[in-house]
Amino acid sequence: MSIKNIGNMLTRITVDEVKTFVEEHIRQVVYIIGIILVVSFIVVFNISRNNIRHKQLVNDYYEGISFIKTDSVKAKDILGKIYNSKKADTDIKTIAGLRLAEILTTEKNNTEAITIYKNIYNLKGSDEFLKNLSGLTAVNLMINQNNKDNYNEIENILNSLVKANKPLSILADEQRGMFEIQKGNTEKGLSILENLLNQGVDEDTKTRIENVIGLYK
C-alpha cells in the first residue's frame, strides 16, 4: 500500500504512530525466517550425512518440526529439548533454537523468542550467517517492542551487523534507519534510508524504504 502522498502531514510522529509502523514492518521477520528455513534444511542435511553420532538428535529435530502445524506444544517441547541439550553440538542447537523461536514469534511470545535469538547470536562456534541472522531478527523484534531499556543492546548488535555480508548488512542498515527514527532522530534515520536507495537495493526493500521516507516528506 503506497503512502507517499501523505506529504508533509507528519512533521512530528508520535510514539504510538512509530509503534504502529514498526509493527507493520514486522514483515521483514517473515522474510528473515524464510531464509532461516532454507539454510536450516541445508545445515541439518549436512549434519545427518557427516556426523552419525548426532543422528538421533537430527531425527528428533525432524520429528519436532513435523508437529509445528498440528501440535505446536509438542513441537516446542521436542525442539526445546534439543536446544537445551548438553549433547547437542552448536549446529543442531542453533537450528533447533531458530525453529523454536520461529514458533514463539508466530504465537506473539516475542520476549522469549528474542532471548533465544540473542543466545544464538552470542553462541560460540555458531555458523556466521545464522549468527548474524539471529541477531538481526532479535533487533527487529526489540525495535518492535519499543522498550528504551533495550536501546543500548540494539545499538551494539547493529554496530556489529553492518559489517556482515549482504544482504544482511543492508537489512541491518534498514533497521538502523528505523531505530534512529524511533529514537526521535528522524533526520539521521531518513539519511540512512535514503543512502540505502542509492545502493541499488532489491524492489521489496526499495518499496519499504520509500514508504518510510514518504511518511516524513
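The legends below describe an overview and close-up views of a predicted model. In this model, local features need pLDDT of at least 70 and side-chain atom pairs count only at pLDDT 80 or more, while totals for chains, interfaces and linings use all residues. Residues are numbered from 1 along each chain as its sequence is written, and side-chain values use heavy atoms, with hydrogens and water left out.

**Overview. The protein has 11 helices and 0 strands.** Helices (H or I, at least four residues) and strands (E, at least two) are DSSP runs, numbered from the N terminus. Of the 217 residues, 50% count as buried; buried means under 20% relative accessible area, exposed over 50%, and partly exposed in between (1.4 Å probe, protein chains only).

**View A. Helix α9 spans residues 168-183.** From first C-alpha to last, α9 reaches 22 Å, close to the 22 Å expected (1.5 Å times one less than its number of residues). Of its 16 residues, 14 are buried.

View B. A salt bridge is a side-chain nitrogen of Lys or Arg within 4 Å of a carboxyl oxygen of Asp or Glu. Asp77 is partly exposed at 40%; Lys81 is exposed at 56%.

**View C. Lys118 pairs with Glu153 in a salt bridge at 3.1 Å.** Lys118 lies in α6 and Glu153 in α8, so the pair ties together parts 35 residues apart in sequence. Lys118 is buried at 18% relative accessible area, whereas Glu153 is partly exposed at 30%.

**View D. Glu180 and Lys188 meet in a salt bridge at 3.7 Å, N to O.** Salt bridges that share partners join Glu155, Arg176, Glu180, Lys183 and Lys188 into one network. Glu180 is buried at 1% relative accessibility.
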